[in-house]
Amino acid sequence: MLFKIDKKDKNARACTIKTAHSTIQTPIFMPVGTVGAVKSLDAIDMIEILDAKIILANTYHMYLRPSSKIVKEFGGLHGFTKFDRSFLTDSGGFQAFSLSKISKPDENGIKFASHIDGSKHYFTPTSVLDTQYDFGSDIMMVLDDLIALPAEKKRVELSLQRTIKWAKESIEYHKFMQNKGVGINQNIFGIIQGGTDYEARKECAKALCEMDFDGLAIGGLSVGESNEMMYDTVEGVMPFIDENRPRYLMGVGTPEDLVENIERGVDMFDCVMPTRNARNGTLFTSFGKLNIKNAKYIHDDDPIDKECDCYTCKNYSRGYLNHLFKAKELTFFRLASLHNLHYYLNLVKKAREAILASNFDEFKKEFYSKRT
């Protein structure tokens with residue numbers, strides 16, 4: 001992976017990441033394709049309509065179904081899904097933690113029961129990498145010990161110890177496998193934990209920066225803490241994260257979260273929010289959120305957002321989308337998802353342009369001034 005900083009505007013950064021499959025200009029938002037597909041969309045939608053350079057797939061879900069071995073049979077995620085650009089795969093640790101009623105981390109990994117059939121499984125730092133080698137993803141996330149917030153200091157300290165231990169095991173194993181010819185074109189990111197504890201985050205960031213990771217992620221946020229605490233945590237840990245590697249804030253979030261954390265120096269984001277909200281009838285616009293279910297849109301011939309040039313806004317009216325939603329027509333999911341993802345991808349594109357022009361402050365002011 002090649003990484004370079006193109007421009008900085010205070011702490012905000014415009015960077016370029018090159019993987020084996022695509023060139024990614026940051027700040028970037030990664031649409032979430034949990035089971036190898038962004039819900040209601042296919043690879044052609046992602047490539048030709050949205051021009052997405054990277055999407056995220058979920059290790060936990062694809063490990064359980066269809067299994068990494070089947071994905072490998074089809075040529076990895078790229079061959080299986082026909083999305084020929086970059087994939088980032090998470091470690092699956094968050095889902096093992098959140099989806100299983102029987103989930104228990106220990107010193108060596110996470111034991112959990114499948115949410116599908118109750119079968120027992122065990123994720124370790126090396127096993128989740130083996131799964132991701134089968135997937136052939138461009139960026140692989142390591143296993144970390146995630147905790148819900150708020151958390152007791154003792155639990156935060158235990159999470160820290162495990163996360164650093166597992167990170168070391170992961171990077172050593174990855175280098176070992178690359179020496180054997182496995183994962184040559186795959187990159188590995190470490191994950192910084194520590195809850196909202198400044199000292200814990202600092203300690204974890206420093207430890208991981210000493211390891212040979214291709215990028216560094218901030219995990220364990222947007223799990224119960226306030227927005228202010230999230231922003232303060234990101235701002236507090238940022239000075240201790242090597243600036244010469246990509247910085248990824250996991251699972252975050254709203255358009256406001258993206259703008260605030262780009263300002264603090266984050267390069268990469270992912271979240272299910274744009275597609276999940278789309279399916280529920282909530283659409284993101286330059287002036288805030290729009291609930292297409294509202295009866296006032298029945299006779300409305302305007303596009304969702306007059307400032308938007310997405311496929312949906314160029315072709316369909318609010319009135320038609322209101323009808324599709326109420327009729328429970330599946331087409332609505334696609335059209336709404338295309339709009340919301342375009343909005344997110346365009347937002348980070350405009351943020352990049354503002355950084356390159358050294359006017360991110362003005363971009364942020366305009367962003368907030370339009371919202372109702």
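This is a predicted model: local features need pLDDT of at least 70, side-chain atom pairs count only at pLDDT 80 or more; totals for chains, interfaces and linings use all residues.
## Cysteines

The structure contains zero disulfides. For Cys271 the reason is distance: the closest cysteine sulfur, in Cys308, lies 19 Å from the sulfur of Cys271, which is too far for a bond. Cys308 is likewise in no disulfide, and the nearest cysteine sulfur to that of Cys308 belongs to Cys310, 3.6 Å away. A disulfide would require the two sulfur atoms to be within 2.5 Å.

Cys271 is buried, its relative accessible area being 9%. Cys308 also counts as buried, at 16% relative accessibility.

## Helix H14

Helix H14 covers residues 331-356, a run of 26 residues. From the first C-alpha to the last, H14 reaches 38 Å, close to the 38 Å expected at 1.5 Å a residue. In an α-helix there are 3.6 residues a turn, so residues three or four places apart point the same way.

Just after H14, Ser358 adopts a positive phi of about 60 degrees.

## Sheet E8-E9-E10

An open sheet is formed by three strands in the order E8-E9-E10, with antiparallel pairing. From one strand to the next, the twist averages 15 degrees.

Strand E9 (residues 110-113) pairs with E8 in the antiparallel sense over three bridges. Lys104 stands opposite Lys111 in E9. In general, the strands of a sheet pair through backbone hydrogen bonds, either parallel or antiparallel.

Notes. Residues are numbered from 1 along each chain as its sequence is written. Side-chain values use heavy atoms; hydrogens and water are left out. Buried means under 20% relative accessible area, exposed over 50%, partly exposed in between (1.4 Å probe, protein chains only). Helices (H or I, at least four residues) and strands (E, at least two) are DSSP runs, numbered from the N terminus. The expected span of a helix is 1.5 Å times one less than its number of residues. Two strands pair if DSSP finds at least two bridges between them. Axes are lines fitted to C-alpha atoms, for helices over the stretch in contact, and angles run from 0 to 180 degrees between N-to-C directions.
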